Amino acid sequence: MSSRQASVSDPRPPEDEEHIDGAGEGDEVMEEVEMQEEGYTSSTPTSTLTWISWFCSLPGHEYFCEVTEDFIEDDFNLTGLNTMVPFWKEAMEMVLDVEPEDEDTSKIPDVSIVESSAEMLYGLVHQRYILTRAGLQAMVSQVSFSTTSSVPFHIHVHFFYLDGTSANPLNFPSQLLFYQQAEKYESGVFGSCPRVYCVGCNVVPCGRVDIPGNDTVKLYCPNCNDIYVPPSSRFQGVDGAFFGTTFPHLFFQTYREWAPAPFWKALTTGGSPLSPRSPGTQPAPRQPTFVNPNQHGGQKRAAGYVYVPRIYGFKVSERAKSGPRMQWVRLRPESPEELDMVDWRGRWINEEDEYDDDEEEEEEDRQMEDFDPVGFV
Amino acid sequence: MPFNVVEDASTGSDSDYSSTWISWFLSSKGNEYFCEVDEDFILDRFNLTGLNNEVANYSQALDLITDSLDEDIQDELRGSLDVQARLLYGLIHARWIVTARGLQKMLEKYKRADFGRCPRVLCASQPLLPVGLTDIPYEKSVKLYCGRCEDLYSPKSSRHGSIDGAYFGTTFPHLLFLVYPTLLPSKDPETSMHVTGKETNTLGDSRNRRRLREEPEAVTEGGGEGISTASVAMKAERYRPRIYGFQINEIAKLQRWQEAVRDRQIARLEALEEKNP
Ligand SMILES: [Zn+2]
Ligand SMILES: [Zn+2]
């Protein structure tokens, strides 16, 4: 990591653009966050940039939000962390932009050691902060929950500047404008699910473990309830523990309007969750208001199609050795009542009724759906 | 200059100009998913049946991709002909990769992970295969199929995300695994990271103790008659959302339902196997 001192005379944070577009295969990302050079030049001068703002503006740190200084200054919030961070006091001074009290810097071997301690300290505080009301709210401002699911998602590029303002909307087709609400929902820093049938559902960062040093940051999709490797290699140096295992789930419990419901029925009658043979080209039908009878559950209509492999137009039978074995992972029941047909141990409550859905499934699949997951340029 | 292409895709090096149209096309940036179609295949008109209706200036486009285009014609039509030649090559490609030799060529690319790797964490960087959502051109861009999670993903790079899916077709990856069942990726999380190694043990019920059948480990081609895939889904690991270590009611309920669907399928497939061993 570059030192912040290096950037003081330069209005832009160090090592920026080359990470954005030019990193070659794998770094040009479908839902990649675009950062434009103008974004830096128009932002606040670096001389007034705090350590926290600087840290959050580094390439690869786009998923972090800014933890407030009050939160860090409250010792209660730091309970137990001092044993995990070497040079605690110096790291704290760095994070809070406090001038060292005394000139006795002889015991600190190198500023880069304090810097890595400061990063660890900030990351661990961040893990806790984003589980607070204020922290969740700060993360909301980074998430784009577009309601226009019919927007083809490869052109659904989010622009934002590091100071949190949106890019010039005049550069974009009007239907893709970030709906500039006060909360800045549309900045879309975290990107969207790479799974085709999640239809661009927005993801949030998470860790697989809460102890630092184990694994890099991952992205959680609330539609498929699965986790993904961030599309750009610049996130490969970011510790997943700085986001933690709880954050995405607390987030979607708090903002239930963005949590997809666990059941799903195609809008056209006789719909099947299994993907249509030939995706239609008509626009999606007008969606009636969605209601989940479980008011504590997800309140968003899920994207429920499941991929069905076909060979020369025929479904690959499950009887084939290469037949589908994993559709259950993505499948949703059509109604919430069906979820109750399985008991807490995972057994069907009335096995007889449920057993012979084989034929039923074949039947349903003959229905063709108008489905347009991804537009085509 | 033989190929004055409007798009910026023509980044092939100068040495490519002396070569064939196909080698130029394959070396152009963004065309990494395509394999080389044998010239014999293209020259056998039977293989191209019906494509004359799909491609404008069909015969000139065909001449262009087989390097037999008259120089004079080339100047007049150049821009549009290049587009038609790409379309024609793409449609021929879709037919080629479902032939025995075409499958072989794509298999080599698959083994080199030329199509990228599955972004799903629990798929442990499983190589992907290209697939179309439809066989009709100009409808859907190419997608990537993961043989481990059996799901579809969008290419990470926008230059791959704009390739027509019809140039790969809906059949290809599934035919590949049908022909080479021993290539079916393991569902086993063993090859994935061990960070949440405990996860598989905390499923917490007897379903997990179901005896798992052996899966092929080695990637050998052909054969595979003896293998059973009836219960491979039992080996699949899945992510379990938790808040401070506790599962979330509604999601846990959905996951139980999904696992019950899985168990029902396994029971069905095992019963089938007992009937026809
Ligand atoms: Zn998803
Ligand atoms: Zn996968």
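**Exercise 1. Which residue forms a salt bridge with Lys253(B), and how far apart are the closest N and O atoms?**

Solution. Start with the ground rules: this is a predicted model, where local features need pLDDT of at least 70 and side-chain atom pairs count only at pLDDT 80 or more, while totals for chains, interfaces and linings use all residues. Residues are numbered from 1 along each chain as its sequence is written, chains are lettered from A and ligands numbered from 1 in the order written, and side-chain values use heavy atoms, without hydrogens and water.

Next, apply the criterion: a side-chain nitrogen of Lys or Arg within 4 Å of a carboxyl oxygen of Asp or Glu. The partner is Asp340(A), with the closest N and O atoms 2.6 Å apart.

**Exercise 2. Describe the interface of chain A and chain B.**

Solution. First, the contact (heavy atoms within 4.5 Å) takes 80 residues from chain A and 77 residues from chain B. Second, the buried area (accessible area, 1.4 Å probe, lost on being put together, summed over both parts) is about 7100 Å², 58% of it on carbon and sulfur atoms.

**Exercise 3. Characterise the largest cavity.**

Solution. A cavity is a set of points on a 1 Å grid over the protein atoms alone where a 1.4 Å probe fits but cannot get out; lining residues have an atom within 4 Å of a point. Ten cavities of 30 Å³ or more turn up, and the largest holds about 190 Å³ of space, a volume being the space filled by probe spheres set on the points. Its lining has 19 residues, and among those nearest the centre are Gln253(A) and Glu250(B).

Key:
Buried area is the accessible area (1.4 Å probe) that two parts lose on being put together, summed over both. On a 1 Å grid over the protein atoms alone, a cavity is a set of points where a 1.4 Å probe fits but cannot get out, and a pocket is an open set with protein on both sides within 12 Å along at least five of seven lines; lining residues have an atom within 4 Å of a point.
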